[in-house]
Amino acid sequence: MFNRFFLILLGILFFEQSFGQKVTYYEHIAPIIQSKCAPCHRPGEAGPFSLLSYADVAKRASFIKDVVTSGYMPPWKPDNHYRLFANNRSLTDKEKNTIINWIENDAPEGVDKKRKPSAQPLLAGTQYTRKPDFTLSMKNAFIVKGDNEERFIVFKIPFNMATAKNVEAMEFVCNNKKIVHHANFAIHPVADSIDIESTADYVNLTDDSRTNYDQYLPFKEKMTYYGGWIPGTSFESYPADLGWVMPKRGVILLTIHFAPLAKAEEIKASINFFFKETPVKRIVNVVSLGSGGVGESSIDPYFMIKADSVKKFTLKILTPQDQSLLYVWPHMHLLGKSFKSYAVTPLGDTIRLVSIPSWDFRWQEIYRFKNLIKVPKGSVLTIEGTYDNTRNNPNNPNNPPKMVFSANDMKSTDEMMTMLLVFLTYNEGDEIKVLDH
């Protein structure tokens with residue numbers, strides 16, 4: 001009898017320790033916030049306030065409960081049932097319930113057993129795991145006018161190193177990300193015979209004549225790599241022996257799309273590079289499909305969205321060789337309603353790439369696969385984009401709606417249907433290779 005009572009008592013104690021455990025910030029909440037929220041909510045990033053300390057989080061507890069309960073934050077638009085990505089920022093049901101339970105129980109701080117409460121686990125000026133080896137910056141800070149007009153500015157950043165470098169990772173950084181809608185940067189190797197210093201530091205594609213851009217054409221004969229940033233995007237990295245080689249001399253052409261501002265603001269942007277000593281045995285490639293890229297003229301039907309219409313467009317691209325995909329980056333503008341991409345192999349198998357059932361112009365991302373995704377030669381890669389150009393679309397920039405098409409200057413009031421692929425030439429066994437990001 002005693003033994004039975006003792007076992008029951010142990011069971012009760014175990015239950016209380018396992019399921020009645022008090023949820024505290026340092027033990028339960030901080031790991032979730034640091035992983036899913038702090039990469040954006042920290043100084044220099046797109047979030048409007050920091051969430052790096054207990055005080056930061058506790059004073060916004062009610063707000064955090066609301067946005068977590070509604071699913072508004074953290075922003076993550078892909079359908080996780082279609083394809084689950086390595087950089088998935090969404091909260092699990094368990095994580096949501098843990099945060100809500102903590103807030104409803106007066107947000108106890110608990111004891112920080114690992115570090116002082118004021119310490120910041122993230123390095124300032126980077127989202128990567130270490131400080132950059134090389135940073136290339138705009139020559140001078142740029143003043144964005146406060147006249148409620150969006151702008152596209154191309155900044156020239158020349159560089160000259162002693163030797164070429166093997167790239168492990170890279171990222172876009174700046175002191176005022178809240179005014180940047182997105183940024184693209186192309187790394188161009190330039191021969192010694194071409195002057196990379198005397199041309200203008202930037203070209204204003206919005207306010208000045210586009211012919212001014214011609215002075216940069218000598219730099220664009222070759223392109224080593226192409227990257228970008230949009231709110232929510234972190235660094236781009238390449239595991240093990242994958243990557244690309246940074247030329248020792250060249251120019252970065254950094255195109256920044258600035259959001260409309262009511263008040264003038266200053267910005268200075270940079271690209272951080274992280275190098276590795278080990279050789280790059282497999283070169284990473286990038287290609288743009290759709291508007292402004294490969295297959296633009298093959299979008300079906302012709303890419304024009306009539307006023308007061310909801311229209312679906314399709315692009316099909318034949319895969320020219322066996323490929324292994326690392327990342328995909330879908331892109332649409334304000335009329336975007338849904339986006340989906342998949343590949344159908346010559347044997348009729350469907351490879352799911354990405355599905356965004358409810359497009360949001362404000363939250364776009366470079367989506368990282370957990371494993372290398374093999375797309376065999378002869379596969380038909382398909383992109384499907386649906387656009388809502390009606391009065392029912394609250395993001396429609398035109399009232400009343402008007403006909404919209406794709407234009408070379410890529411204003412947000414025009415439209416695009418684009419997807420960037422970051423890929424490798426396929427090697428045997430790639431499909432079982434886990435990507436360590």
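## Close-up views of the predicted model

**View 1. Tyr342 stands opposite Arg352 of S19.** The model is predicted: local features need pLDDT of at least 70, side-chain atom pairs count only at pLDDT 80 or more, and totals for chains, interfaces and linings use all residues. Residues are numbered from 1 along each chain as its sequence is written, and side-chain values use heavy atoms, with hydrogens and water left out. Helices (H or I, at least four residues) and strands (E, at least two) are DSSP runs, numbered from the N terminus. Strand S18 (residues 336-344) runs antiparallel to S19, with 6 bridges between them. Two strands count as paired if DSSP finds at least two bridges between them. The hairpin of S18 and S19 has 5 residues between its strands, and there Gly348 takes a positive phi near 90°. S19 (residues 350-356) is mostly covered, with 5 of its 7 residues buried. Buried means under 20% relative accessible area, exposed means over 50%, and partly exposed lies in between (1.4 Å probe, protein chains only).

**View 2. An open sheet holds 4 strands.** The strand order is S14-S23-S17-S20, and the pairing is antiparallel. Strand S14 (285-290) and strand S20 (367-375) are the edge strands; each has a single partner, so one side of each lacks a neighbour in the sheet. Neighbouring strands are turned by 30° against each other on average, direction ignored. The angles, taken between N-to-C directions, run from 0 to 180 degrees; axes are lines fitted to C-alpha atoms, for helices over the stretch in contact. S14 and S23 share 6 bridges in the antiparallel sense. At one of these positions, Asn285 has Phe423 of S23 as its bridge partner.

**View 3. Thr418 sits in strand S23 (residues 418-425).** Thr418 is buried because its relative accessible area is 4%. Its side chain reaches the backbone oxygen of Ser291 at 3.0 Å. A polar contact is a pair of N or O atoms within 3.5 Å; within protein, one must be able to donate a hydrogen and the other to accept it, and residues adjacent in sequence count only if both atoms are side-chain atoms. Beyond neighbours within four places in sequence, Thr418 contacts Ser288, Leu289, Gly290, Ser291, Trp329, Pro330, His331 and Phe339. Contact means heavy atoms within 4.5 Å.

View 4. Gly71 follows H4, with a positive phi near 85°.

**View 5. Ile256 lies in strand S10 (residues 249-258).** Which is Ile256, buried or exposed? Ile256 counts as buried because its relative accessibility is 0%. Its contacts, not counting residues up to four places away in sequence, are Arg151, Phe152, Ile153, Phe155, Phe172, Val180, His182, Ala183 and Ala269. Trp229 is 27 residues from Ile256 in sequence and 9.4 Å away in space, C-alpha to C-alpha.

**View 6. The largest nonpolar core contains 45 residues.** A nonpolar core is a set of buried Ala, Val, Leu, Ile, Met, Phe, Trp, Tyr and Cys residues joined through side-chain atoms within 4.5 Å. Phe172, Met246, Ile252, Leu254, Phe258 and Phe273 touch the most other members. A second, separate core of 34 residues includes Leu289, Leu315, Ile351 and Phe361.

**View 7. Backbone angles in four loops.** Most residues other than glycine have a negative phi, and most peptide bonds are trans. The bond from Met73 to Pro74 is cis, with omega near -10°; Pro74 is in the loop between H4 and H5. The bond from Asp300 to Pro301 is also cis, with omega near -5°; Pro301 is in the loop between S14 and strand S15 (304-305). Ala107 is not a glycine, yet has a positive phi of about 50°. This residue, Ala107, lies between H5 and strand S1 (134-137) and is buried at 7% relative accessibility. Asp308, also not a glycine, has a positive phi of about 60°. Its loop joins S15 and strand S16 (309-318), and Asp308 is partly exposed, at 46% relative accessible area.
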